[in-house]
Amino acid sequence: MDWSPIFFHLIRAATNPPRGQNRIPPVRDEEKDQRVRPGWPRLALGALSGVLAGFASLAVAELVAAAVRPQSSPVVAVGEASIDATPAAVKDWAISRFGTDDKLVLQLGILVVLAVLALVLGALAVRFQRVGAAGVVLLGAVGAAAAVSRPDSSSLTDALPSVVGAVAGALLLYKLVGRLAAVRRSSASTSDSATEEAGDGLPASEGWDRRGFVLATASAAAASAAVGAVGRSLNASRGRDAMASRQRVVLPSPGSPAQPVPKRAVLRVPGISSFVTPHSHFYRVDTALVVPKVDATAWRLRIHGKGVLRPGVYSFDDLLRRELIERDITLTCVSNEVGGPYAGNARWIGVRLADLLAECGVKPPSQGGAADQLVSRSVDGMTIGSPVEDVMDGRDAMLALGMNGEPLPFDHGFPVRMVVPGLYGFASACKWIEDIELTTFDSYDPYWVKRGWARRAPVKTASRIDTPKPFARPKAGTVMVAGVAWAQHRGVDKVEIRVDDGPWLEADLAAEDTRDTWRQWSLAWPATKGGHTLTVRATDRTGAVQTDKRTRTIPDGASGWHSVVVTVD
Ligand SMILES: Nc1nc2c(c(=O)[nH]1)N[C@H]1C(S)=C(S)[C@@H](COP(=O)(O)O)O[C@H]1N2
Ligand SMILES: [Mo]
């Protein structure tokens, strides 16, 4: 497509505007009847100009962000800032209401708010041209402030996308509403360029330069779309080095392989969670609106802090060359409601964290170590605190490089993340990790703790009915009730099902893979017609029965029994 006429018009619109447009020009007597106060059609067109200016701002910002970094784009920066500022309860609600779509919903929400503000500013600009433009600049300032105050922002250049975008949008709005305000003069006053543009035989319109407005609007819309599209594709290609580095990774066979998953650990019941969770079904919970794309070749991990006798810096290849362990570990999120979906089981391959720490001279508190908290930091500024005692107590805490036989997917932390059996993800599973600092619980609160979550968060024993689904209508007869239960690092020893207020029936437990993985279970239920409530509870290897006491997810994980109501036909 040939863009030159559009750009020509855009440039013309910008450089050759009708004069006197920021004020309603003085009107001669014979024009008075043509002079209309902005009625709703012009206000509507002003509002349209506002939306267009907003669109142009975001398009330009997208292009500039491609040059700076994708996370500096105003919608991303404001979105991530609002994620950080959202009270824990609201965030929890959003996660449970929208699930993994919460980010999409958030960004759409920001766009809707922006669109409304743009409509208002545009309509306002019809009467108060400068106020409208100033409003756009102000919105840009908000974006800029959000961008430079992100924890992963290291430079004021992060303000550029918002600033440049806002200036472009403000100019455009100013020009567009100028077209609306320009009063059609008598054909004698040829000095007015608006008149020139309209003076080609088109009928004079209701007191403003209709043709000039339509042309300017159309060209600005087309130019913005083009600029935005270029920005988007540049942004998308920015991760190319990272993607190439991921493709080059060859995971060595582990020195300490996982035992094969026992055949009897996997049940063949339709509707049950698969024992190993494929990537496509593995939950994702993080605060990143733009998934960090880290180039493994340039990646480094620093280990330092209290009681670290020999601080270390490791490259990805340094880690690959070490002896690797391979382990099946079930990861769960503290935001998971009773019966919720935020749990997944994968085969991880990585470096034993305790060995690395020991090499750096770190001792656990029980052996006189000075630090009791290990704070992991990610490239996107996340901070996660784990007890040093836990990661060094012999469990398979690791810096994972691979998941289910592949390098980590970007969504799940490429190139390296932490995985610690028995701790919730927010207290252990730092993705895109780049720094480990040894410190104390007393002296530092990481990200989630600052927001009301617990400092220490071992996984609570949980069990879930996967099938039948809530409100299912199975036929009377034998109905397979099945699901999973987890109590990582303690192990699950028993799962029981209760039908209505009947006795607890012991379910058939699939064989255990390891005590760090969940266990599938099933029960052949002789279902009788009518409505029934199925309830599940698990018992862990310490003998503790899963509590029926319902708690919220905040601060340290939901508890209570999962129930499913069905109607048997
Ligand atoms: N960098 C970073 N790491 C993070 C998070 C995050 O927001 N940012 N969220 C944590 C939480 S709350 C959980 S439950 C796990 C989820 O890991 P997954 O997305 O691979 O399932 O990642 C953890 N690691
Ligand atoms: Mo989580």
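**Ligand 1 first.** I looked up which residues come nearest to ligand 1. Of the 20 residues around the ligand, these are Tyr283, Asp286, His412, Arg417 and Lys431. I note that the model is predicted, and I read each distance as a computed value.

**Polar contacts.** I went through the contacts one at a time. His412 puts a polar side-chain atom 2.6 Å from an oxygen atom of ligand 1. Tyr283 uses its backbone: a polar atom there is 2.7 Å from an oxygen atom of the ligand. Ser378 faces a nitrogen atom of ligand 1, with a polar side-chain atom at 3.2 Å. I then checked the cover. Ligand 1 taken alone exposes 540 Å², and the protein buries 99% of that.

**Where does ligand 1 sit?** I find ligand 1 in the largest cavity.

**The sheet.** I moved on to the strands. I traced an open sheet of four strands in the order E14-E13-E17-E18, with antiparallel pairing. Which strands stand at the edges? They are E14 and E18, the latter spanning 562-568. Each has a single partner strand, so one side of each is left without a neighbour in the sheet. From one strand to the next, the twist averages 30°.

**E13 with E17.** I followed this pair along its length. Strand E13 covers residues 492-499 and strand E17 covers residues 530-540. The two pair in the antiparallel sense over seven bridges. I picked out two positions. Val492 stands opposite Asp540 in E17. Arg498 has Thr535 of E17 as its bridge partner.

**E13 with E14.** How many bridges join E13 and E14? I count three, again in the antiparallel sense, with E14 running over residues 504-506. Here Glu496 stands opposite Glu506 in E14.

**The turn.** I looked next at the hairpin of E13 and E14. Four residues lie between the strands. Asp500 takes a positive phi in this hairpin, near 50°.

**Side chains, a reminder.** In a regular strand the side chains alternate between the two faces of the sheet. I keep that in mind for reading the strands on screen.

Methods: Residues numbered from 1 in each chain as written. Chains lettered and ligands numbered in written order. Predicted model: local features only at pLDDT ≥ 70, side-chain atom pairs only at ≥ 80, totals over all residues. Heavy atoms only, no water. Pairing = 2+ DSSP bridges. Axes fitted to C-alpha atoms, helices over the stretch in contact; angles between N-to-C directions. Near = heavy atom within 4 Å. Polar contact = N/O pair within 3.5 Å; in protein donor to acceptor, adjacent residues only side chain to side chain. Areas by Shrake-Rupley, 256 points an atom, 1.4 Å probe, with all protein chains shown as cover. 1 Å grid on protein atoms, 1.4 Å probe; cavity = no way out; pocket = protein on both sides within 12 Å on 5 of 7 lines; lining within 4 Å. Sits in = over half its atoms within 2 Å of the grid points.
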